[in-house]
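Here are my notes on this structure, written for someone who has not looked at it before.

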Amino acid sequence: MNNTQVEFIFNLLDKDKSGYLDRDEFCEGLIEFYHITDDKKESYREIFNDIFLLADGKGLFNSRDNKITLREFKNICSLLPTETKQTDVIVGTVAFKLVDSNNSGKVNKKELITFLKKTGIHLKKGEVDVLMDSIDEDGDGKISLQEFMLLYDL
Ligand SMILES: [Ca+2]
Ligand SMILES: [Ca+2]
Ligand SMILES: [Ca+2]
């Protein structure tokens, strides 16, 4: 996606033309943009909401303000996979890359804890282990993209 396309989508989502995307514009706009069917809306709403939280306030100049600026939106778009047309893979990959902060291609326990905190979930140490075990299907101690997507039921 080039800059013009990214700006086009941003303006499309920015319904009230405020220059930033609030949570509803972002989540509901993307559900519309990707033509998500009714039975899948809840799953996607959840993952878009998490992407919103992860992308908000990532940059040095953008504090966490519950708004997605064009700059933050460009950061999200730069994570889009180039080869797939499947919405679940596209959306899952963006969220996964935001969670995988050291870009290792897997989410470790530390990254999982940071992710949970950012999305407002505070678990005790033992609870994190239980969650990790339940997600980690192949038992390598890390979460792959496939394992991550099962979390959202995409
Ligand atoms: Ca707006
Ligand atoms: Ca990682
Ligand atoms: Ca694993």
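1. Helices (H or I, at least four residues) and strands (E, at least two) are DSSP runs, numbered from the N terminus. The model is predicted: local features need pLDDT of at least 70, side-chain atom pairs count only at pLDDT 80 or more, and totals for chains, interfaces and linings use all residues. Residues are numbered from 1 along each chain as its sequence is written, while chains are lettered from A and ligands numbered from 1 in the order in which they are written.

2. The protein chain has eight helices and zero strands. Its radius of gyration is 16 Å, close to the 15 Å that the globule rule gives for 154 residues, so the chain is as compact as a globular protein of that length. The radius is taken over C-alpha atoms, and the rule is 2.2 Å times the number of residues to the power 0.38. Along the principal axes, the C-alpha atoms fill a box of roughly 45 × 35 × 25 Å.

3. An unreviewed UniProt entry lists residues 1–36, 95–122 and 123–154 under "domain: EF-hand". Positions follow the numbering used here, feature names are shortened, and such annotations may be inferred rather than shown by experiment. Residues 95–122 are 54% helix and 0% strand, with end C-alpha atoms 19 Å apart. For residues 123–154 the figures are 59% helix, 0% strand and 24 Å.

4. Helix H3 covers residues 41–55. Its buried residues include Tyr44, Phe48, Ile51 and Phe52. Buried means that 20 or more other C-beta atoms, placed from the backbone, lie within 10 Å of the residue's own; exposed means 12 or fewer, and partly exposed is in between. The buried residues of H3 pack against helices H2, H4, H5, H6 and H8. Just after H3, glycine 57 takes a positive phi of about 80 degrees.

5. The largest nonpolar core has 27 residues, and those with the most contacts inside it are Phe26, Phe48, Ile51, Phe52, Ile68 and Ala95. Helix H3 gives the largest share of this core, seven residues. A nonpolar core is a set of buried Ala, Val, Leu, Ile, Met, Phe, Trp, Tyr and Cys residues joined through C-beta atoms within 7 Å.

6. Which residues does phenylalanine 26 contact, leaving aside its neighbours within four places in sequence? They are Leu13, Leu21, Phe48, Phe52 and Ile68. Contact here means C-beta atoms, placed from the backbone, within 7 Å.

Conventions
Expected span 1.5 Å × (residues − 1). Contact = placed C-beta atoms within 7 Å.
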